[in-house]
Amino acid sequence: MRVSLLWILCYLVLAPFLGGLLDGCDRKISARMQGRIGPPLLQPFYDVQKLFNKQTIAVRRAQAAFLLVYMIMMIFTGCMFYGGTDILMCFFVLSTAATFLYFAAVVTNSPYSTIGASRELIQMMTYEPAVLFTCVGFYLATGTFTVSSIVKSNVSSILYLPGFFFAFVFILTIKMRKSPFDTSASHHPHQELVKGLTTEFGAKNLAFFTITEWYENIFLLGVVGLFIVNRHPISWVIAVLVVLAVYFLEILIDNTSARVKQETMLKITYTVTLLSAGINTLVLMLVR
């Protein structure tokens, strides 16, 4: 119990700082890939501080309430995960949180936000099968959905779940809003819908959204690490290296890929999910 509380406290305190640093590394590495120097490593924190100092002008007051619920539920998701609870329930709360982000976008009645929000729903439909497969995969490999039990396994789950790992890493491109799947909102200025579903998020609301994304990224990368971690201490070191490698891969994909249409995203993601995770499931059911 004390260990779980310690992990939860660390997530609450450290996740936004680690998420902000990763965001800063993302900007720096992306700039280098494009032949630029790039902003300072701490630029994301400067941006959030600047947003908090601006006057908040919201089209609808309900927007702030929806964003607050979105942020609370996202933080609760990470607390559940790092507290060692049921991973299936973690993803259920995560999906529920995403619906409040949708409400925060459409409540403004802005055409840009509304179209971005509709694309967000399509993205949710696209990555949810892979998320469900991930939970099922952990159960097939370890016999439990409980995170605290999965990390105590004798071997890393990835030895049984290479297909599930590939499918989950693939949908991270969607969850982290990176090209070629940044259809609902983009971190780059090439978004033809201004900023998609975040178009009407201003000042403090945009700051809260940014911080929530940092929390979400640390949670998602934690799931990546869960594929590697086992009862042996050295696995934790390997997990950190794998997580960093995966994050770098997402940055590389983001800077080398042109955005695709929603229909293409749907077809590619479903194909990858069914082939990698589906075949892996059949093999596990036959072997074990």
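**Close-up 1. Pro 180 sits in the loop between helices H7 and H8.** This is a predicted model. Helix H7 covers residues 162-175, and helix H8 covers 204-226. A cis peptide bond joins Ser 179 to Pro 180. Its omega is about 10 degrees. Most peptide bonds are trans.

**Close-up 2. Arg 177 has a positive phi.** Arg 177 is also found in the loop between H7 and H8. Its phi is near 60 degrees. Most residues other than glycine have a negative phi. Is Arg 177 buried or exposed? Its relative accessible area is 6%, under the 20% cut-off, so Arg 177 is buried.

Close-up 3. H2 runs over residues 43-52. Pro 44, Val 48 and Leu 51 are buried here. An α-helix has 3.6 residues a turn, so residues three or four places apart point the same way. What do the buried residues of H2 pack against? Their partners are helix H1 (2-33) and H8.

**Close-up 4. Thr 269 is buried in helix H10.** H10 spans residues 262-287. The relative accessible area of Thr 269 is 0%. Which backbone oxygen does the Thr 269 side chain reach? That of Met 265, at 2.7 Å. Leaving out residues up to four places away in sequence, Thr 269 touches Thr 126, Phe 170, Ile 171, Ile 174 and Phe 181.

Definitions and conventions: Residues are numbered from 1 along each chain as its sequence is written. This is a predicted model: local features need pLDDT of at least 70, side-chain atom pairs count only at pLDDT 80 or more; totals for chains, interfaces and linings use all residues. Side-chain values use heavy atoms; hydrogens and water are left out. Helices (H or I, at least four residues) and strands (E, at least two) are DSSP runs, numbered from the N terminus. Buried means under 20% relative accessible area, exposed over 50%, partly exposed in between (1.4 Å probe, protein chains only). Contact means heavy atoms within 4.5 Å. A polar contact is a pair of N or O atoms within 3.5 Å; within protein, one must be able to donate a hydrogen and the other to accept it, and residues adjacent in sequence count only if both atoms are side-chain atoms.
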